[in-house]
Amino acid sequence: MTAEEGTASAGFLKTIISKAEVYIPQVPKPKKKIPLQVRLMWCGIALFIYMIMGQTPLYGASTPSFDFLAFARVIFASQQGTLIELGIGPIVTAGLLMQLLKGSEIFHLDFKKPEDRELYQTATKIVTYIVIIAESSLYGMAVYGPRMPNHEAIFILIGQLIGASVIIMLLDELVQKGWGLGSGISLFIAAGVAQQVIWSLFSPVPAGDGGPVGVFANIIHGALHHDFTNLFFRSNQLPGIFGLFITAGVLLILVYTQGIKVEIPIVSTKYRGFSAVYPIKLMYVSNIPVILASALTANAVFVGQIMWANFNPRNANPFMNFLGMFDPTSPSTPTGGILYYVTAPRGLDIVALDPTRAVLYILFMVGIVVLFGRLWIELGGLSAKSAAKNLLDAEVQIPGFRRSNQPVENLLQKYIPSVTIIGSIILGLLAGTSDVLGTFGSGTGMLLTVDILINYYNLLVRERVEEVMPTLGALLGRK
């Protein structure tokens, strides 16, 4: 597409969206900057509403015997059988679609212009509504439809899914537009993983091996009954001391690797005497490749379950068996085929039954995360070319280099591709290994939560700096 065609497309799109914007419910921006304490309060209110929705069952629906979205629950911060059945899935899907459109430069938008930024945000919201309606309808009919007594009940269920997803979208918008801090999506993911970790540590609910679910509760139970056989390793993916050590080890590795970075000195061309460093982190791509890899696997398993249920319920079709086989009595996880080897065997007891599956899963995670890492660098605006342009737009330059794109891009090109591959390999290894070894909250969940908490810490630092030096605070907000 030529620049003229892109400009014409953007103009046509702007006309359509500007007319549709009047009818789209949205949260207004605050007229002035809200104090940090009030923004944190709004974050707490949004999170409280989300948690209440996670405990509210869908009216008139009976929960299926197996979970079609089991592999995506952590990513989507969702809970089966409740109002957050789909969680943030539609928002994430719409956001990824818009990022792909933005990165491919199908529409030439200048994000320095407020009107183009508003156009992009409104377009994202419209796409989110479309995805919400599509996903709620398909999921409601495919998963809950066969268990509903009539068509009216199905429509009521779909209406609940759509309404709950719209509320979640508005809560995220409330946080992002300045009433809160950071992103509502990040809050919901971190809260969901933290809830799982706390449950794994302290839950007093009896488990299948005779002790409580929680690690510490099980230790106390073992001490009172002088039975220490099920403390270190536990069957059926129950949390034990070994899992606690693995979780702590993953946390330490993540925190350590987040601090590894290459620092490039920069000086301001606007304020004489101002100097700082531009950090290129080892985890430069953040956790986006892991999210994409996990979402791909979850969607593949979901589609595989539907195809198996409709065309191969007895595992009698050789071609379908090559793609994926399921146990008719418990079809929540694959038992054979390609899907079997790209899903995590969670727990050492399951790994011991088929070590090859564990090895192939880890290799698959490493390969797919590296692939998505390279892809995201280009589509997400994180390439050396984009980073060089961002530095020049921030009115800074690198000492010893001319203030033009090409020299700065050549310097960044020495680091960004390398840290992308190395960081993606580390992320893939951590996600795959921790999933296999039974990390609390899942390996992907721990990666996301640590990254979210570190980002919130940086946001709090930036808020404090902006109170004294607004320009420096804005620069610290860049990657």
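Predicted model: local features only at pLDDT ≥ 70, side-chain atom pairs only at ≥ 80, totals over all residues.
## Overall make-up

The chain contains 19 helices and five strands. It has 479 residues, and 46% of them count as buried. The accessible surface of the chain is about 24300 Å², and carbon and sulfur atoms make up 67% of that surface.

Among contacts in the chain with a separation of 6 or more, 65% are between residues 24 or more positions apart.

## Nonpolar surface patch

V38, M41, I45, F48, I49, I52 and I167 make a nonpolar surface patch of about 590 Å². Helix α2, which spans residues 36-53, supplies the largest share of the patch, with six residues.

One of the patch residues, V38, lies in helix α2. V38 has a relative accessible area of 32%, so this residue counts as partly exposed.

## Aromatic pairs

The structure holds 10 aromatic pairs. One of them joins F232 and F233, whose rings are 4.8 Å apart centre to centre, with 75 degrees between the planes. This pair is edge-to-face. Both residues are partly exposed: F232 has a relative accessibility of 38%, and F233 has 45%.

F233 also pairs with F242. Their ring centres are 5.1 Å apart and their planes meet at 35 degrees, so this pair is tilted. F232, F233, F242 and F245 together form one aromatic cluster.

## A charge over a ring

The ring of Y340 has R357 over its face. The distance from R357 to the ring centre is 4.2 Å.

Key
Residues numbered from 1 in each chain as written. Heavy atoms only, no water. Patch = residues over 30% accessible without salt bridge, like charges linked within 9 Å, V, L, I, M, F, W, Y side chains within 5 Å. Areas by Shrake-Rupley, 256 points an atom, 1.4 Å probe, with all protein chains shown as cover. Salt bridge = Lys/Arg side-chain N within 4 Å of Asp/Glu carboxyl O. Helix = DSSP H or I, 4+ residues; strand = E, 2+ residues; numbered from the N terminus. Buried < 20%, exposed > 50% of the residue type's maximum accessible area, 1.4 Å probe, protein only. Contact = heavy atoms within 4.5 Å. Phe/Tyr/Trp six-rings, centres within 6.5 Å; stacked < 30°, edge-to-face > 60°. Lys NZ or Arg CZ within 6 Å of the ring centre and 35° of its normal.
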